[in-house]
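Here is a friendly briefing on a few surface and side-chain features, to read with the model open beside you.

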Amino acid sequence: MPYQFEDLKNAFPTEWRDYIEHSFVQQLGNGSLAPEAFQHYLKQDYLFLIQFARAYALAAYKSPTLADLLQAKDGLLAILDTELGLHISYCKEWGISEQELNNLPEARATLAYTRYVLDTGNRGDLLDLHVALSPCMVGYGEIANWLNRRSETLRGEGNPYDAWIAMYESDEFQGAMQAEIRWLDERLADVTPSRFEQLSHIFRDATRLEIDFWDMGLHLSD
């Protein structure tokens with residue numbers, strides 16, 4: 001049978017579960033996460049978005065078709081024209097100024113994951129890059145869905161992090177997540193077993209680095 005994105009997750013179920021169900025995520029869902037932990041995460045996520053934009057620029061360079069090039073362009077513009085502005089506004093609600101964001105050093109977990117993605121994309125092809133990005137691009141949507149299935153999750157004004165969950169459960173984000181899965185399914189369907197093994201290792205390492213990113217937020221590590 002042809003490979004699908006689900007096969008990447010099934011290849012390393014422990015790592016994927018540890019990422020989706022991380023303590024940071026659980027505490028965010030039930031509203032018990034320390035505000036300073038969330039603020040630290042928000043600051044580093046701003047820096048991550050900047051590197052994410054660079055990854056889309058690299059995707060444009062790596063695109064073999066016009067359709068892939070247009071997809072990369074749309075992703076880059078979405079970050080630069082929309083997401084970064086929204087993130088800055090959200091940070092202000094949490095007492096984090098744009099000046100502070102612009103003067104932040106990157107935490108080691110931020111450096112590790114973002115540079116891993118860019119290095120993977122530089123060394124490999126467009127599929128390598130998308131697989132390295134997929135724990136973020138798909139994972140956040142799955143996290144929102146998992147939180148909404150979880151009885152301990154608190155929604156509404158009683159949870160200071162409700163807006164974060166709402167962002168990733170939105171029709172817009174869920175639609176983008178499904179579009180990314182479809183793109184990956186189409187490409188994975190044609191790969192050989194040895195090629196799939198290579199891609200699965202990229203997916204595993206990227207997922208582990210996402211776990212480290214949650215750890216960084218939870219423990220306020222630099």
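**A nonpolar patch and some salt bridges**

Leu 66, Leu 69 and Leu 70 make up a nonpolar patch on the surface, and together they have about 270 Å² of accessible area. This is a predicted model, in which local features need pLDDT of at least 70 and side-chain atom pairs count only at pLDDT 80 or more, while totals for chains, interfaces and linings use all residues. Residues are numbered from 1 along each chain as its sequence is written, and side-chain values use heavy atoms, with hydrogens and water left out.

**The patch**

- Patches are made of residues with over 30% relative accessible area and no salt bridge; like charges are joined within 9 Å, and nonpolar side chains (Val, Leu, Ile, Met, Phe, Trp, Tyr) within 5 Å.
- Accessible areas come from the Shrake-Rupley method with a 1.4 Å probe, and for residues only the protein chains shown count as cover.
- Leu 69 belongs to helix α5 (residues 66-93); helices here are DSSP runs (H or I, at least four residues), numbered from the N terminus.
- With a relative accessible area of 37%, Leu 69 is partly exposed (buried means under 20%, exposed over 50%, partly exposed in between, with a 1.4 Å probe and protein chains only).

**A buried histidine**

- His 130 sits in helix α8 (residues 126-137), and its 5% relative accessibility makes it count as buried.
- Neighbours within four places in sequence aside, His 130 is in contact (heavy atoms within 4.5 Å) with Gln 71, Glu 180, Trp 183 and Leu 184.

**Salt bridges**

- The whole structure holds 16 salt bridges, each a side-chain nitrogen of Lys or Arg within 4 Å of a carboxyl oxygen of Asp or Glu.
- One of them pairs Arg 187 with Asp 68, with the closest N and O atoms 3.1 Å apart. Arg 187 lies in helix α11 (residues 171-188) and Asp 68 in helix α5, so this pair ties together parts 119 residues apart in sequence.
- Arg 187 is partly exposed at 26% relative accessible area, whereas Asp 68 is buried at 5%.
- Another joins Asp 222 to Arg 108, where the closest N and O atoms are 2.8 Å apart. Asp 222 is in the segment after α12 (193-219) and Arg 108 in helix α7 (residues 108-123), so the pair links parts 114 residues apart in sequence.
- Asp 222 and Arg 108 are both exposed.
- Arg 204 and Asp 205 also meet through their side chains in a salt bridge (3.1 Å, N to O). Arg 204 is partly exposed at 23%, and Asp 205 is partly exposed at 21%.

Definitions and conventions:
Helices (H or I, at least four residues) and strands (E, at least two) are DSSP runs, numbered from the N terminus.
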